[in-house]
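Please look over the sequence and the 3D structure below before reading on.

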Amino acid sequence: MGLEDAVKHQHDLENDSRPLIAREAEIRTEINRHSSGMRELETAVEEAVTSHTQAVVSERHYQDKLNEKRAKVGALAQKQEILEEEYTNWRTLVEQRFGEELQVTETAVYLERKLKAKRAAFERSQQEQGQTPEEIEEELTRATTNYEKAKSDFTQLHNLITMMRRSMAIRQSRWQEFRKFMSLRCKLCFQYYLAERGFFGQIQLDHDKKTLALSVQTDDQKTKDGKGKAKDAKMSGGEKSFSTICLLLSLWDAMNCPIRALDEFDVYMDAVNRKISMKMMLDVAKNSDKQHILITPQEMGNIQLGPEIRVHRMHDPERGQQTLRFQA
């Protein structure tokens, strides 16, 4: 192929490609036009999505507001019911107290002003007292609690005192019975010990006045007058000492003492009274579980001593003696 044929073929190709280039330009123009429409559609979609989102948020916001308003309306309705119930109760109490409905002649403004004055006076009263109603109520509650506790303690103590007084009365009654029997026993023992010598006597006990009186008669004193009453006469020292021994023995019998002691009990006794007194005391000592200590300056030769009796004899004192010597 020659150069001319090649040039011609090139011209033919150029002629054939011109419609294609024109079509390509048209297609590119159409693509640009459609791209611009797509951007407009995307902008519109974004605006629609934004509007929808705002609408949803607004719907939730106003739904919450609606629920809040409904809750407030419910609370106000409940409060209204309470106020209506209180009003009905107050109205009932007023009608029961005054018998008829009160006629309100003052205006609402006047009543409001009067209410403010009452509130101001109430606040001044609080300031003067230095306590709020809640503090006063709390203090009243504490005082009431303390009062109830003190009342309960008082009741318990009162019951305890009543029980103790009842117990004390029972104990005193039993003690008086015991004292009466012990007194009777002491009187009988006194008469029994006096009878060992042929005497007669009585013990007169006055527990209220706390006194003790003896009445003793010997065989020689039992002379009777026309009325049959004994005439008392003076007693010797030995007879008085013997009567005293009888009194001590009767008192010992009524008392529970582990140790019993007498000092120089037979100083004023004659031999007869001393012998009888020693015999009675030794018999009492043998028949009891108590320890008896008898101190006497007299001789013990005429007294029968047993193995249960121990005698400590002292020497006669010497001039200048500083210690005591005992001889068993």
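Read along the sequence, this chain runs in the order α-α-α-β-β-α-β-α-β-β-β, which comes to five helices and six strands. The chain has a radius of gyration of 66 Å, well over the 20 Å that the globule rule gives for 328 residues, so it is more spread out than a compact globule. Please keep in mind that this is a predicted model.

**Overall extent and contacts**
- Along its principal axes, the C-alpha trace of the chain spans about 205 × 95 × 40 Å.
- When contacts between residues at least 6 apart in sequence are considered, 49% of them join residues at least 24 apart.

**The largest nonpolar core**
- In soluble globular proteins, nonpolar side chains tend to be buried together.
- The largest nonpolar core here has 25 residues, and those that touch the most other members are Phe190, Tyr193, Leu194, Ile245, Cys246, Leu249 and Met281.
- The elements giving two or more residues to this core are α3 (133-195), α4 (237-254) and α5 (271-286), and the largest share, six residues, comes from α4.
- Leaving aside residues up to four places away in sequence, Leu249 touches Tyr193, Met280, Met281 and Val284.

Conventions:
Residues are numbered from 1 along each chain as its sequence is written. This is a predicted model: local features need pLDDT of at least 70, side-chain atom pairs count only at pLDDT 80 or more; totals for chains, interfaces and linings use all residues. Side-chain values use heavy atoms; hydrogens and water are left out. Helices (H or I, at least four residues) and strands (E, at least two) are DSSP runs, numbered from the N terminus. The radius of gyration is taken over C-alpha atoms; the globule rule is 2.2 Å times the number of residues to the power 0.38. Contact means heavy atoms within 4.5 Å. A nonpolar core is a set of buried Ala, Val, Leu, Ile, Met, Phe, Trp, Tyr and Cys residues joined through side-chain atoms within 4.5 Å. Buried means under 20% relative accessible area, exposed over 50%, partly exposed in between (1.4 Å probe, protein chains only).
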